[in-house]
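This report describes selected helices, strands and contacts of one structure. The sequence and coordinates are shown first, and the description follows.

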Amino acid sequence: MSAESPILHPLPHNITIIDLMESGVAGRTGCYVIKSDKIAIIETGSSLSAPHIIAGLEHMGISPEQVDYIIVTHIHLDHAGGVGYILPRFPNATVVVHPRGARHLIDPSRLIQGARAVYGDKLEEYFGVIFPVPEERVLIRDEGDTLDLGGGRVLSFYDTPGHARHHFSIHDPISEGIFTGDTIGVRYAKQLTGLDYEPIFPSTSPSEFDRDAVFQSADKLEKLGAKRIYHSHFGVTEPASVAFARIRETVATFAEIARSSFAPGMDYRILMERLAAYIREDMVKQGHPIDSMKGFEIDLELNAKGLIFTLEREASNK
Ligand SMILES: [Zn+2]
C-alpha cells in the first residue's frame, strides 16, 4: 500500500483530517489531527492505515515524536485496530481511551476473537495485524474528564454508548465541535459514494448496538451547544443540529425495520435488502435518488448483523 501522497483535508481551528484510506478507499475513515501547544490525533484506523498517518503528519510538518496523544473514540478495528502497531513510531504519545475499552487495547485477545467471529479469514486482509498497547501508555478518560492540549485548548470527554458501550465523544471548545466517532452516525462522503450530497445513516454493527442509548447520547451531546460534528466516517456536519435530527430519525427507522423483520435465526440478508430499500427510498425523499448502493454497501451487512444480534440478545433475555 503506497502512502506517498496522503490525502489531507485541512479544516479551520488547526484541525486536519488525514484520510486513512480504509480498504483502499478515500472518504471512508479519517484521522483528525488537532494542533495546539500539544498535538493530539483522534483515531488511527487499522494497522494498514499506519503509512497514511505517518505520511500525512510528515506532509503537515509534524514528526511522530511531536505527537502527545493518540485518542480513540472506541476500540473497533476501523478506529483503533492499529494503535498497538503504530505506537512504537510515537515514542512520546499517550493512548487515550474509554474505561471499558482500555483492557482490550492492553490485551486484544478478546477483541481479535470477536472480530474473527465477524470477519473470519478476512480479518487480516481487512485490518492487518493487531498488537497490544503497553498498559503504562494508556490513559483512561471517563465522563466529564478533560485533556489539556495547552494554548487554552482543553478537550472534554463524554460517555456516549449506542454504537458501542466503550465509546466516548470529545468536545473541543476551540472549534465548537464534537468528535463523535460512530455515535452520531456515518456521514457518507462524496468521494465514497460519487454523489453530490452527503447523507447520514447510523452504524449499527455488532455487538453492542442500542437504539435507546443512541438517543440518550444524542441528547447529552446536543446540550453542549456545539456548532459542528466531526464524524470518524467521514467529515464534518454543520450545523450540528442537522446530524442530531438525522441520527434520531434514521436510527429509529433502522431499529423499526429490524424489529418488524425479525425472526430468531433469520437470514441477515433479508434485513440487508430491507435496509437498502429504506436507504434508496430516503435518498429519493431527500431529493438525491441513487442508481446503485456504491459506498453504502460496505456497511449494510454489518448493520443488518448488528441489529439482529441486539434483537436476538433481547429475545434470549426475556
Ligand atoms: Zn467505525
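## Basis of the description

Helices (H or I, at least four residues) and strands (E, at least two) are DSSP runs, numbered from the N terminus. The expected span of a helix is 1.5 Å times one less than its number of residues.

The model is a predicted one: local features need pLDDT of at least 70, side-chain atom pairs count only at pLDDT 80 or more, and totals for chains, interfaces and linings use all residues. Residue numbers start from 1 along each chain as its sequence is written.

## Helix α11

Helix α11 covers residues 297–317; at 1.5 Å a residue, its 21 residues should span 30 Å, and the 31 Å between its end C-alpha atoms agrees with this.

A residue is called buried if 20 or more other C-beta atoms lie within 10 Å of its own, exposed if 12 or fewer, and partly exposed in between, with C-beta atoms placed from the backbone. In α11 the buried residues are Asp299, Asn303, Ala304, Gly306, Leu307, Ile308, Thr310 and Leu311. Their cover includes β12 (186–187), α9 (240–261) and α10 (268–285).

Two strands are taken to pair if DSSP finds at least two bridges between them. Seven strands form an open sheet in the order β1-β2-β3-β4-β5-β6-β7, with mixed pairing. At its edges stand β1 (8–11) and β7 (138–140); each has a single partner strand, so one side of each is left without a neighbour in the sheet. From one strand to the next, the twist averages 25°. Angles run from 0 to 180 degrees between N-to-C directions, and axes are lines fitted to C-alpha atoms, for helices over the stretch in contact.

Within this sheet, β4 (residues 39–42) runs parallel to β5 and is joined to it by four bridges. Isoleucine 39 stands opposite valine 67 of β5, and isoleucine 41 stands opposite isoleucine 70 of β5. Strand β5 (residues 67–71) is largely enclosed by the rest of the structure, because four of its five residues are buried. Helix α1 (residues 50–59) lies across β1, β2 (15–19) and β3 (30–35), and runs at about 140° to β2.

## The six-stranded sheet

A further open sheet has six strands in the order β8-β9-β10-β11-β14-β15, again with mixed pairing. The edge strands are β8 (146–148) and β15 (235–237), each with a single partner strand, so one side of each lacks a neighbour in the sheet. The twist averages 25° from one strand to the next.

Strand β14 (residues 228–231) pairs with β15 in the antiparallel sense over three bridges. Tyrosine 230 has valine 236 of β15 as its bridge partner.

## Packing of α8 and α9

Helix α8 (residues 211–222) packs with α9 at an angle of about 175°, and the axes are 10 Å apart. The two helices α8 and α9 are therefore roughly antiparallel; angles under 35 degrees count as roughly parallel, over 145 as roughly antiparallel, 65 to 115 as roughly perpendicular and the rest as oblique.

Residues are in contact if their C-beta atoms, placed from the backbone, lie within 7 Å. From α8, the contact is made by Arg211, Val214, Phe215, Ala218 and Glu222, and from α9 by Phe244, Ile247, Arg248, Val251 and Ala255.

## Threonine 193

Threonine 193 lies in helix α7 (residues 190–193). Threonine 193 is buried, with 20 other C-beta atoms within 10 Å. Apart from its neighbours within four places in sequence, threonine 193 is in contact with Tyr188, Lys294, Gly295 and Phe296. Between threonine 193 and glycine 287 there are 94 residues in sequence and 15 Å in space, C-alpha to C-alpha.

Notes
Contact = placed C-beta atoms within 7 Å.
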